[in-house]
Every structure is written in structure tokens, then in C-alpha cells.
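The entries below follow the order in which I looked things up.

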Amino acid sequence: MTRSDPVVGKPLVSVENIHKSYRRGSQSISVLRGIDLSVGRGDFIALMGPSGSGKTTLLNLIAGLDRPDQGSLIVAGTDITQLGELDLARWRAIHIGFIFQFYNLLPVLTGLENVELPLLLRNLSRRERREHAMTALELVGLADRVKHTPRELSGGQQQRVAIARAIVTDPTLLVADEPTGDLDKNSAMEVLELLEQLNREFNKTIIMVTHDPRAADKARLIHHLDKGTLESPGK
Ligand SMILES: Nc1ncnc2c1ncn2[C@@H]1O[C@H](COP(=O)(O)OP(=O)(O)OP(=O)(O)O)[C@@H](O)[C@H]1O
């Protein structure tokens, strides 16, 4: 990953008139109702809104984990609504780094092995994989914890391992769903400062779903979702 000056500009994510509903029995629940959103390269945005307003649904659509019923989703130059399952999975592996609320680390692997995982899909030697993973772990401040398994680490340390895993492939976009939702105040602040550093120093584009106003405060722009529609951004 290269260190660079912050550049906010050309949209990296362009969401147009997205609609999404889920079926529950015979009922159809409309979750997103005509969302338009543009996220610049190098931007850091927070998605806020009441529980059930559709934040995770929108994040998953942008990250290519789910598909909209209607609308276009241009992310990193590709209309991902047009990709088949296999191409979409390949696209995700190249372009998206995922950070989840509950870290989603594999408990039987060490921190280093967890961070190496996304690199198994790349054409790299074992040594190269190790070097890349070590660099990512150094960046998140965990070079001295690489042999620990997740249960030997605190929540904040586990989330930092998860962030190292998310950045190890140098993805175009980082998506974080409640990254501080399971952390105490101090660990949450460390994780947020790390995200802020990735955005400012490494120009990583970040979309973060959060309920936490302190987390949203770290973003450059806050978008509010309410009942499936987006309000004008504020900050
Ligand atoms: N796979 C699914 N099948 C059926 N309904 C779903 C599915 N995923 C989400 N929903 C429903 O869609 C609505 C929006 O969910 P979503 O998780 O996007 O909201 P959210 O704003 O992220 O909420 P929270 O803040 O509680 O995480 C909710 O009513 C939820 O129950």
C-alpha cells in the first residue's frame, strides 16, 4: 500500500435510483426506495440512521454482496449489477476490504494466518504472502501479536487484525459495518484513529455504517438514511 496525499475527487462509487425489497412470507418489504449516492475517491463517509433503515443493505449492495431490484451501481469503474456470480466474487476479492462488527476472524488461525487468507487467491509465494501480511499487521500496530489466535487478543486487537486482513490486498474500497459496535470506548477510539489514518495517509476510500456519533465524527461526510431514503449529507 502506498502512502499518498489525500485526494478527494472523481466518484469511486456511483449509486443511482437503487431499490431493494425483501420478501417475508407473502409480504414484500421495501427496504431501499430510490437511493442516489456518490462517493469520491479518497473519501470517508459515514452512513447513519435508525435501526432497520437499510444501512447494512445499502453497504452490502455497494460491496457486491447482494443485488438491487432496480438501479445502477457503478463501483471502481464497473457496473456491478451486470456481473455474473463468479465475476462478482472476483471483483469483490480485488476491490473490496470488509470490516465487520464482530471481526469474523477464524478462531483456529493466528493473527498472521488470518491476515494472509485473502492473499491465497493471489499468485504469490508463501514468503511474499507472509511479507505482505506482516506489513499490514505492522501498520495496525500489532507486529508483536502475530502468533496469537483471536481468543488471545482483546476485542480492539481483534478488530485491528481484521483491519489488517481488509487492507492486505490493497483494495480500492473499505466497507466497515459498525466497526466499533462491540468495543469499549478506548478500543473504539484506536480503531477509528486507524481508519482515519488509512483515509488520510493512504488515501483509502471508506464507507462506514455506524450508530456511534463519535465514529461518524471521524468521517468527512455523514449521510442519514431514514425508511429507505437518503437525506442530504451533513457534517
Ligand atoms: N436477508 C433479508 N431478508 C429479509 N429481510 C431482511 C434481510 N436483510 C435485511 N432485512 C430487513 O431489511 C430492513 C433493513 O435492514 P438493514 O440491516 O439494512 O438495516 P440497518 O439500518 O442496517 O439496521 P441496524 O442498524 O439495526 O443494523 C430490516 O427490516 C431487516 O429486517
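**Entry 1: around the ligand**

I listed the residues that surround the ligand and got Tyr22, Arg24, Val31, Gly49, Ser51, Gly52, Ser53, Gly54, Lys55, Thr56 and Thr57. Two elements give two or more residues to this shell, namely strand E1 (11-24) and helix H1 (55-62). Which of the elements gives the most to the shell? I found that H1 does, with three residues. I then sorted the shell by class and noted seven polar, two nonpolar and two charged residues. I keep in mind that the model is a predicted one.

**Entry 2**

I followed the pairing of strand E9 (residues 221-226) next. E9 pairs with strand E3 (residues 44-48) in the parallel sense, and I noted four bridges. In one of the pairs, isoleucine 45 has leucine 221 of E9 as its bridge partner.

I then looked at strand E10 (residues 229-230), which runs antiparallel to E9 and is joined to E9 by two bridges. Here aspartate 226 has threonine 229 of E10 as its bridge partner. E9 and E10 form a hairpin with two residues between the strands. In that hairpin I noted lysine 227, which has a positive phi near 50°.

I looked up asparagine 17, which is not a glycine and yet has a positive phi, near 50°. Is asparagine 17 buried or partly exposed? I counted 13 C-beta neighbours inside 10 Å, so asparagine 17 is partly exposed.

Glutamate 178, also a residue other than glycine, has a positive phi near 50°. I placed glutamate 178 in the loop between strand E7 (173-177) and helix H6 (185-202). Glutamate 178 counts as buried, because 20 C-beta neighbours lie inside 10 Å and the cut-off for buried is 20 or more.

**Entry 2: helices H5 and H6**

My last entry is on a pair of packed helices. Two packed helices are described by the angle between their axes and the distance between the axes. For helix H5 (residues 155-167) and H6 I noted an angle of about 20° and axes 9 Å apart. How do H5 and H6 lie to each other, roughly parallel or roughly antiparallel? Angles under 35 degrees count as roughly parallel, so H5 and H6 are roughly parallel to each other. I noted the crossing of H5 and H6 as right-handed.

Methods: Residues are numbered from 1 along each chain as its sequence is written. This is a predicted model: local features need pLDDT of at least 70, side-chain atom pairs count only at pLDDT 80 or more; totals for chains, interfaces and linings use all residues. A residue is near a molecule or strand if its C-beta atom, placed from the backbone, lies within 6 Å of it. Ala, Val, Leu, Ile, Met, Phe, Trp, Tyr, Cys and Pro count as nonpolar, Asp, Glu, Lys and Arg as charged, and the others, Gly among them, as polar. Two strands pair if DSSP finds at least two bridges between them. A residue is buried if 20 or more other C-beta atoms lie within 10 Å of its own, exposed if 12 or fewer, and partly exposed in between; C-beta atoms are placed from the backbone. Axes are lines fitted to C-alpha atoms, for helices over the stretch in contact, and angles run from 0 to 180 degrees between N-to-C directions. Angles under 35 degrees count as roughly parallel, over 145 as roughly antiparallel, 65 to 115 as roughly perpendicular and the rest as oblique. A crossing is left-handed if the near helix is turned anticlockwise from the far one by less than a right angle, and right-handed if clockwise.
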